[in-house]
Structure formats: C-alpha cells, structure tokens
Amino acid sequence: MTCYAKGKVTNIYGNQESDVLREEEWISRWEQRQIGFHRPTVDMDLVKNKEKFLKPNCRVFIPLCGKTVDIDFLADEGHDVVGIEFSETAIKDFFHEHSIKYKRSQHPTAPYEIFKGTDKKIAIYKGDFFGINSAILGKFDAVWDRASFESVHPSLQMKYADVMNDLVKSDGKYLLSTFNWESSFPGPPFSISQDDIDTALGRYFNSILLETFEVRENALLMRTGAKSQLIHVNLLTRK
C-alpha cells in the first residue's frame, strides 16, 4: 500500500492541512525506511480467496502497490500483474528483494515510467494513481485491493471508484480487503464501512461480503488508539 499527496492542492487525502503527507514526504519515508505499514508476507485474505476472483493466466491490477510481496505471489501463480506506485524507491526495492531483473522505460504518451520484469509478467507504473486510465494501462480481469481504498481521503472515494470502473473488464472481478474501527484517528488510513464501499464502488459493482473478522493487536491499532478493528473482505462483480 502507498499514499502520497501533492503540495498544497487537494490530493489523495482530500485536504490541505499540515498533517497531510505530501509527495516529497512520502518519498522521504521510503528512502528512510519508515515503512512500518509494509507486510513482508503474502496476505492471507488473498491466499484464501484467490479462486473466487482469479481465473487462469489473468491480468491483475494492484493499486497503490508499494513493494507488496503479493505482486510476486500472483506472478508465480501465472498471472500478468500490473501495479501503480509513486515511490521509485519502493519499486526498485521490490525488484531487488525478489531478484527480478527489469527494464525501465517511459510511457510514450503519458507521464509514467514503467518498470517491467524481464523474466516475469510484472509491470509497475511510477506516477499518480488518479491520472491513470485504460488507455494507459489497458483493461483488467481482476483487481486485488488491500490498504489502497482506505488510503484515499473520503472526499476522493468516488473519484477512486471512477478510475477502477474504467480499468475493470465487463466480466472482471475485484477482491477488496478493508478495515473498520472506532477511533478519533483522522487518517490516513481511513476507517471504511460497508456503506462507504456501497456508496462509491457500488455505483459500478455488486458487493458480496465474503468474510469479517476482528483483530485486537497490530501496529495500526497502536497508531490509531482503537481497541480493535474489523477486517472486511468483499468480492465485487460488475453490475
């Protein structure tokens, strides 16, 4: 997962306050390895539910991907994996830590650099999530979204859904893992309710709640001050 913001304009966090993590600060966090949000293991919600949204050899999109190990897991499963990330350090770390050779190129018509694996079907686009579209990335059979939707300020959730609507094929499937808690913590990340999912993504997708479970101890709870959090795993399909 990754979050960033641009200067003093309304951004991925939806405001202009001093506590907004700006573009240069996000880059600095990666360079200084202040990345406690990164998980070094494959997400178990993905492992448990992969058959529900992945068909053989499909094209998978991972938004705001950071250096998640889920990319390599999905590529090893035979899929063509595409991510988008703003931090070049995160992208390079991913390829280095998995010993994957890559080629770097500039997109011919859009302001994105592409880091593409030479031996695996992996491509990570460096740039702004809200500037992407299907003309740049193409369409996808599947989406794996963990800690991405909740990194976006609530005021931009509708715009986020518009981007995803453009990228997902008519028969595509979308696995979404989010968390919800009771706390005064302002975010990011932001607590996500089922109503939030239905309001934004529900304009384009039907939602089936696959699983809900409670977590009582992790780094995020310590940060937010919440006593526990609920993890919701939803399968989204086209309306």
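This section describes the fold, the nonpolar cores, selected backbone and side-chain features, and the salt bridges of a predicted model.

The secondary structure of the protein chain consists of eight helices and nine strands. The chain has 239 residues, of which 52% are buried. Of the contacts between residues at least 6 apart in sequence, 66% join residues at least 24 apart. The chain exposes about 11000 Å², with carbon and sulfur atoms supplying 49% of that area.

The largest nonpolar core contains 33 residues, and the members that touch the most others are Phe 61, Tyr 125, Phe 129, Ile 132, Leu 137, Tyr 174 and Leu 201. At least two residues of this core come from each of strand 2 (80-85), strand 5 (122-126), helix 5 (134-137), strand 6 (140-146), helix 6 (157-167), strand 7 (168-180) and helix 7 (194-200). Helix 6 gives the largest share, five residues. With neighbours within four places in sequence left aside, Leu 137 is in contact with Arg 59, Phe 61, Val 82, Tyr 125, Ile 132 and Leu 167. A second core of 27 residues is separate and includes Phe 53, Ala 75, Phe 95 and Ile 122.

Positive phi values occur at several residues other than glycine, among them Asn 57, with phi near 55°. Asn 57 is in the loop between helix 2 (44-53) and strand 1 (59-62), and counts as exposed at 63% relative accessibility. Leu 64 also has a positive phi, of about 45°, and is located in the loop between strand 1 and helix 3 (70-76). In contrast to the exposed Asn 57, Leu 64 counts as buried, at 2% relative accessibility. Ser 99, which follows helix 4, has a positive phi near 55°.

Glu 85 is part of strand 2. This residue is buried and has no salt bridge; the nearest side chain of opposite charge belongs to Lys 126, 9.1 Å away. The Glu 85 side chain instead reaches the backbone nitrogen of Gly 66, at 2.8 Å. In helix 4 (residues 88-97), the buried residues include Thr 89, Ala 90, Ile 91, Asp 93, Phe 94 and Phe 95. At the start of this helix, a side-chain oxygen of Ser 87 comes to within 3.3 Å of the backbone nitrogen of Thr 89.

The whole structure contains 15 salt bridges. One of them joins Asp 45 and Lys 48, with the closest N and O atoms 3.9 Å apart. Because these two residues are three apart in helix 2, about one helical turn separates Asp 45 from Lys 48. Asp 45 counts as buried at 6% relative accessibility, whereas Lys 48 is partly exposed at 41%.

Asp 171 forms a salt bridge with Lys 55, again with the closest N and O atoms 3.9 Å apart. This pair links distant parts of the chain, since Asp 171 is in strand 7 and Lys 55 is in the loop between helix 2 and strand 1, 116 residues apart. Asp 171 counts as exposed at 52% relative accessibility, and Lys 55 as partly exposed at 41%.

Arg 104 and Glu 88 meet through their side chains in a salt bridge of 2.8 Å, N to O. Arg 104 lies in strand 3 (residues 102-106) and Glu 88 in helix 4, so the bridge ties together parts 16 residues apart in sequence. Both residues are partly exposed, Arg 104 at 38% relative accessibility and Glu 88 at 24%. Elsewhere, salt bridges with shared partners join Lys 55, Asp 141, Lys 169 and Asp 171 into one network.

Key:
Residues are numbered from 1 along each chain as its sequence is written. This is a predicted model: local features need pLDDT of at least 70, side-chain atom pairs count only at pLDDT 80 or more; totals for chains, interfaces and linings use all residues. Side-chain values use heavy atoms; hydrogens and water are left out. A nonpolar core is a set of buried Ala, Val, Leu, Ile, Met, Phe, Trp, Tyr and Cys residues joined through side-chain atoms within 4.5 Å. Buried means under 20% relative accessible area, exposed over 50%, partly exposed in between (1.4 Å probe, protein chains only). Helices (H or I, at least four residues) and strands (E, at least two) are DSSP runs, numbered from the N terminus. Contact means heavy atoms within 4.5 Å. Accessible areas come from the Shrake-Rupley method with a 1.4 Å probe; for residues, only the protein chains shown count as cover. Lys and Arg count as positive and Asp and Glu as negative; His and the chain ends are not counted. A salt bridge is a side-chain nitrogen of Lys or Arg within 4 Å of a carboxyl oxygen of Asp or Glu. A polar contact is a pair of N or O atoms within 3.5 Å; within protein, one must be able to donate a hydrogen and the other to accept it, and residues adjacent in sequence count only if both atoms are side-chain atoms.
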